[in-house]
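I opened the model to look up its fold, its core, its surface and its charged pairs. These are my entries, in the order in which I worked.

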Amino acid sequence: SLVRRLLDVEANPAKPSYEMASEAALVLQDCEFGNLELGRTVRNMWEVTKVLEARWETHAVAAERARDALDSMGGGTEVRWTDVERFVEQIAREKRRKEQKRTQKPTTDDGAIQRALEGRAPQSSMISWGDAVNVIRDVLGAYPHPPSGSGQGQKGQTESSVHVPIMERSKGTTYEEKVRSILNAGGDGTNGKSTKRKARYEENVIKKRKTA
């Protein structure tokens, strides 16, 4: 599995570049602490309820305002179909350029994109913004804001992103490289910051030996 390959530090001594998943969708629903008895007073519960209700109201109002703005734009605004086609073609060209740079061969099928656009063309020269967003999403697999949990494949990306398998991404420095950099830095006394890092590292090594 991918996790097993990442944990194999001999085959992969450096961590590939990736972003941590957003914590916004993580919800702690229930947890237990063995025999620990948690005391709850009416005063404490009242204060917590006040904070949570105020927080809920703030976020609920903000969410409704954003939803109303999105609905208003989607149904009450029209754009030219030629502009939608031009936007999709520009993004497809940019994705193809990035794919060629990474793999030396494009994976974006211009013919398929053109056929998809022709199949979604409206009867008039104008299209509602809501329908335009759906066309862009379906043809390119791009979202203005990717939904949570959608970053594992081609779908659910922003218009500027190109999916790169995690094991093919650039990697950071290894632990050994960092240690070597600290130990070799500041040898001529010109880099005070590196010298301090080296001193802290050596001090930590001594402390670990004493506590081992």
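This is a predicted model: local features need pLDDT of at least 70, side-chain atom pairs count only at pLDDT 80 or more; totals for chains, interfaces and linings use all residues.

Residues are numbered from 1 along each chain as its sequence is written, and side-chain values use heavy atoms, with hydrogens and water left out.

**Entry 1, overall fold.** I took helices (H or I, at least four residues) and strands (E, at least two) as DSSP runs numbered from the N terminus. The chain has 7 helices and 2 strands, and along the sequence they follow the pattern α-α-β-α-α-β-α-α-α. Of the 212 residues in the chain, 17% are buried. With contact meaning heavy atoms within 4.5 Å, I found that residues 24 or more positions apart account for 58% of the contacts with a separation of 6 or more.

I defined a nonpolar core as a set of buried Ala, Val, Leu, Ile, Met, Phe, Trp, Tyr and Cys residues joined through side-chain atoms within 4.5 Å. The largest one holds 14 residues, of which V84, V88, I113, L117, V135 and L140 touch the most other members. Helix 3 (81-103), helix 4 (110-120) and helix 5 (129-140) each supply at least two residues of this core. Leaving aside residues up to four places away in sequence, L140 touches V88, I91, A92 and I113.

The expected span of a helix is 1.5 Å times one less than its number of residues, so I checked helix 3: its 23 residues should span 33 Å, and its end C-alpha atoms are 32 Å apart, which agrees. Its buried residues include W81, V88, K95 and E99, and the buried residues of helix 3 pack against strand 1 (78-80), helix 4, strand 2 (126-128) and helix 5.

Y18 itself is partly exposed, at a relative accessible area of 32%, and its C-alpha atom is separated by 9.3 Å from that of K171, 153 residues apart along the chain. L38 lies in this loop too, between helix 1 (2-7) and helix 2 (42-76), and counts as partly exposed because its relative accessible area is 47%.

I counted a salt bridge where a side-chain nitrogen of Lys or Arg is within 4 Å of a carboxyl oxygen of Asp or Glu, and the structure holds 8 of them. D83 pairs with R80, the closest N and O atoms being 3.3 Å apart, and also with R86, where they are 2.7 Å apart. R86 and D83 are 3 residues apart in helix 3, so they are separated by about one helical turn. E47 forms a salt bridge with K50, with the closest N and O atoms 3.5 Å apart, and R43, E47 and K50 are linked in a network of salt bridges. Both partners of that pair are partly exposed, E47 at 33% and K50 at 44% relative accessibility.

Note on methods:
Buried means under 20% relative accessible area, exposed over 50%, partly exposed in between (1.4 Å probe, protein chains only).
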